[in-house]
Amino acid sequence: MKLSDSVSVLPGVGEKLALLLLRINVRTVEDLLLYFPRRYEDYSNVSKLSNLRPGKVTVQARVERINGRYARNRKLHITEAVLTDGVTKVKAVWFNQSYLAKSIPRGEDLFFSGTYELAHTGLSIQNPTWEKVSDFPTSTARIVPIYRETKGLTSRQIRKLVSIVVEHAPSVTMNLP
């Protein structure tokens, strides 16, 4: 892989994703590496569920149960999960992400990063990002770069692509003047 190569050489980058990257002026591998984050979120401090305080948090837990329901005349989908570390239980809530009830694995250790706050249903982690502990986390349990996004392209996708390039960094050559 060379810095001058098109981003389409990266695994998972098809025609559609390449067009989305083009919207943010990312054409080459070098453009991707030089597309700097606009800010960072610090989710590196993994807390125990029993020690949670309102604010940005990261926890390691398992999903005990998860279900979804519609509210407000079927215009808002709410997915609620009960997270546990074996001793303490905490609720996590996602809005308009109905697919999560089927995609979040049960019985596995997961990292959840989000904002722990008081909502009308009590204290819960709002819209947390989740990843398996066994995978190398790119969006939880670390300092997470937040990139400028465009419709159809998320920071998470950009982080994944950057991590692929960094993984292949020994094969990327750069000539310095």
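Start by selecting Asn127, Pro128, Thr129, Arg156 and Arg159: of the 24 residues lining the largest pocket, these lie nearest its centre. A pocket here is an open set of points on a 1 Å grid over the protein atoms alone, where a 1.4 Å probe fits, with protein on both sides within 12 Å along at least five of seven lines; lining residues have an atom within 4 Å of a point. You are looking at a predicted model, in which local features need pLDDT of at least 70 and side-chain atom pairs count only at pLDDT 80 or more, while totals for chains, interfaces and linings use all residues. Residues are numbered from 1 along each chain as its sequence is written, and side-chain values use heavy atoms, with hydrogens and water left out.

Strands S1 (39-42), S6 (110-119), S7 (122-132) and S8 (143-146) and helix H4 (155-167) each give two or more residues to the lining; helices (H or I, at least four residues) and strands (E, at least two) are DSSP runs, numbered from the N terminus. S7 provides the largest share, five residues. The space inside is about 570 Å³, a volume being the space filled by probe spheres set on the points, which are joined across faces, edges and corners.

Of its 20 residues, Leu10, Val13, Leu21, Leu32 and Ile158 touch the most other members. Such a core is a set of buried Ala, Val, Leu, Ile, Met, Phe, Trp, Tyr and Cys residues joined through side-chain atoms within 4.5 Å, where buried means under 20% relative accessible area (1.4 Å probe, protein chains only). H4 gives the most to this core, with five residues.

Which residues does Leu32 touch? Leaving aside residues up to four places away in sequence, they are Val7, Leu10, Val26, Ile158, Leu161, Val162 and Val165, with contact meaning heavy atoms within 4.5 Å.

Finally, zoom out. The chain has four helices and eight strands, and 42% of its 177 residues count as buried.

How values were computed. Buried means under 20% relative accessible area, exposed over 50%, partly exposed in between (1.4 Å probe, protein chains only).
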